[in-house]
Structure formats: C-alpha cells, structure tokens
Amino acid sequence: MTIQEFETAIYHKLYDFFYDRGFEMMAGKKQFRKNVTSGFQNVIFSPSTYEKECWLELNLGTRHQQVEDIVQQFLDNYKEFQKDTNTVVISIGKLTNNKYFKYKAIDNDDLSLICEQIQSFMKEIGMPFMERCSSIAYLDELFNKMPSKPCKYLYNQSHRCFKGLVIAKLNGNKRYGAIKSIYKEALGTYGSKPSHIKNFEKLAAFLEHYSAN
C-alpha cells in the first residue's frame with residue numbers, strides 16, 4: 001500500500017462519518033472541517049511511511065474567530081494562511097498523554113480497524129473536546145491556568161503567549177496583568193526576535209483599550 005493509496009482510503013472510509021456530523025472534506029488541506037458559530041473545528045491528517053508500514057497522526061484543531069481576528073494582526077503569519085489558523089491544535093497522542101502515538105497499517109484489515117478506532121475516539125473524546133474549545137472560558141483554562149509552563153494545546157509556544165493574552169482579556173481573567181508579564185518574559189526565553197517582542201507589546205497596548213462589545 002502506497003502512502004497515496006493509504007491517504008485516499010482513509011478519507012473515503014471516514015467521509016460519511018464526518019459528513020453526518022457536519023464536517024466537509026478538504027483533501028487539499030488534509031482535513032475534515034466544520035464551521036461553527038465561534039469559528040471552525042477541524043481534524044487534520046498527517047500520513048507518513050516507515051519501512052513497510054503506513055503511519056497516521058491526527059491533530060484536532062479549533063479556531064476561535066474572535067481570538068484569531070485580533071492576534072493575527074500582531075503575528076508574522078503570511079496573510080494567505082491567516083484565515084486557516086487554529087487557536088488550538090493538538091495531536092491525539094498529546095491529548096491522551098501518549099505523546100508519540102500514531103495509527104499504523106500494513107494492509108486493508110489494518111485500515112478498517114484504524115477507521116473504527118478513529119470514529120470511536122472522535123465520538124467519545126475528540127468531538128466533545130473540540131466543542132468545549134468553542135468557549136473562551138475553557139480556552140482561558142487551557143492557555144492560562146499555568147502561564148509559566150509550556151502549553152500542549154498548540155505547537156508554537158511564542159504564539160501561545162500572544163493567543164493566551166488575548167484569551168485572558170476576552171475572558172476577563174483577574175490575573176491578566178500577571179499573565180501579561182509572564183508571557184513577555186517567556187518570549188525572551190524562547191529566543192524571539194526583538195520585532196516579535198515589540199509586536200507583543202503592541203498587542204498588549206491594543207488590548208488595554210479593547211472592548212469585546
């Protein structure tokens with residue numbers, strides 16, 4: 001089984017499951033995506049090969065539109081990608097504290113079993129998690145409960161500082177001032193460029209006068 005055959009078969013076998021739950025297949029972006037009131041939810045597929053096996057890592061993503069509308073003004077993402085950015089993105093392995101977990105297949109029997117496992121996981125854990133991520137209060141807990149420690153709910157820890165600050169502001173977090181100081185200091189430890197730190201300061205200044213209403 002080639003990686004192209006593996007990827008095509010996975011999308012085909014899972015299409016009805018996701019479609020029935022409001023998700024659209026976006027094969028060019030290797031994901032199923034569902035638009036929701038707060039933004040979108042997506043399940044992102046990252047297939048690879050190792051020796052005779054096909055491997056699949058899944059990431060669960062959620063975009064909170066209000067957060068991204070603010071934060072993307074102060075990040076260095078290319079404009080053509082800004083409409084597709086996730087606020088939260090985490091692999092199934094990290095979400096379940098099995099960091100390096102991947103689905104593995106050699107033949108069609110493995111493929112069918114993988115799809116059954118994915119459907120079961122999404123119903124029991126994945127979709128409820130993405131639904132909770134529509135809430136600013138829940139995002140505030142994920143990002144800002146322990147601001148001095150790395151956050152597993154996105155890959156870029158510098159971006160976490162920007163997004164966490166916006167989320168804290170939108171949720172009226174009482175520790176907003178302390179969170180702002182922690183994130184500014186953290187950007188220095190991440191080796192951020194001076195321009196990146198300056199943009200964080202611009203974001204903080206913007207949020208001082210920002211009202212969600």
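Which helix does Met122 lie in? Met122 lies in helix H5, residues 108-132. I will come back to that residue after an overview. Please keep in mind that this is a predicted model.

First, the chain as a whole. The protein chain holds nine helices and six strands. Along the principal axes, its C-alpha atoms fill a box of roughly 55 × 35 × 30 Å. Of the 213 residues, 47% are buried. If we take contacts between residues at least 6 apart in sequence, 63% of them join residues at least 24 apart.

Next, the strands. Strand S2 covers residues 31-36 and strand S3 covers residues 39-50, and they pair in the antiparallel sense over six bridges. One of the residues to look at here is Arg33, whose bridge partner in S3 is Asn42. Two residues make the link in the hairpin from S2 to S3.

From S3 we go on to strand S4, residues 53-64. S3 and S4 run antiparallel too, joined by twelve bridges. Gln41 stands opposite Thr62 in S4. This is again a hairpin with two residues between the strands, and Glu51 in the turn has a positive phi of about 55°.

S4 also pairs with S5 in the antiparallel sense, over four bridges. In that pairing, Leu60 stands opposite Ile90 in S5. Strand S5 itself is residues 88-91. Val88 and Ile90 point one way from the strand, Val89 and Ser91 point the other way, and all are buried.

Now back to the loop between S2 and S3, where Ser38 is found. Is Ser38 buried or exposed? Its relative accessible area is 16%, and the cut-off for buried is under 20%, so Ser38 counts as buried. The side chain of Ser38 makes a polar contact with the side chain of Ser134, at 3.4 Å. Setting aside neighbours within four places in sequence, Ser38 is in contact with Arg63, His64, Gln65 and Ser134.

On to the aromatic residues. How many aromatic pairs does the structure hold? The count is 14. One of them is formed by Tyr15 and Tyr19, a stacked pair with 5.7 Å centre to centre and 10° between the planes. Both tyrosines lie in helix H1, residues 3-19, and they are four residues apart, about one turn of the helix. Tyr15 is partly exposed, with a relative accessible area of 33%. Tyr19 has 52% relative accessibility and counts as exposed.

Phe17 and Phe18 form another pair. Why is that pair called edge-to-face? The ring centres are 5.1 Å apart and the planes meet at 85°; planes over 60 degrees apart count as edge-to-face, so this pair does. Phe17 and Phe18 are both buried. They also belong to a cluster that ring pairs link together, made up of Tyr11, Phe17, Phe18, Phe23, Phe32 and Phe45.

There are also lysines placed over rings. The charged end of Lys104 sits over the ring of Trp55, 4.6 Å from its centre. For Lys169, the ring is that of Tyr176, and the charged end sits over it at 5.8 Å from the centre.

That brings me back to Met122 in helix H5. Met122 is buried, with a relative accessible area of 0%. Which residues does Met122 touch, not counting those up to four places away in sequence? They are Phe17, Phe18, Val43, Leu60, Met127, Pro128 and Met130. Some of these names have come up already: Phe17 and Phe18 are in the aromatic cluster, and Leu60 is the residue opposite Ile90.

To close, here is what to look for in the model. Start with the antiparallel pairing of S2 with S3, then S3 with S4, then S4 with S5. After that, find the ring cluster that includes Phe17 and Phe18, and then Met122, which touches both of those residues.

Definitions and conventions. Residues are numbered from 1 along each chain as its sequence is written. This is a predicted model: local features need pLDDT of at least 70, side-chain atom pairs count only at pLDDT 80 or more; totals for chains, interfaces and linings use all residues. Side-chain values use heavy atoms; hydrogens and water are left out. Two strands pair if DSSP finds at least two bridges between them. Rings of Phe, Tyr and Trp (its six-membered ring) pair if their centres lie within 6.5 Å; planes under 30 degrees apart count as stacked, over 60 as edge-to-face and the rest as tilted. Buried means under 20% relative accessible area, exposed over 50%, partly exposed in between (1.4 Å probe, protein chains only). A charge sits over a ring if NZ of Lys or CZ of Arg is within 6 Å of the ring centre and within 35 degrees of the ring normal. A polar contact is a pair of N or O atoms within 3.5 Å; within protein, one must be able to donate a hydrogen and the other to accept it, and residues adjacent in sequence count only if both atoms are side-chain atoms. Contact means heavy atoms within 4.5 Å.
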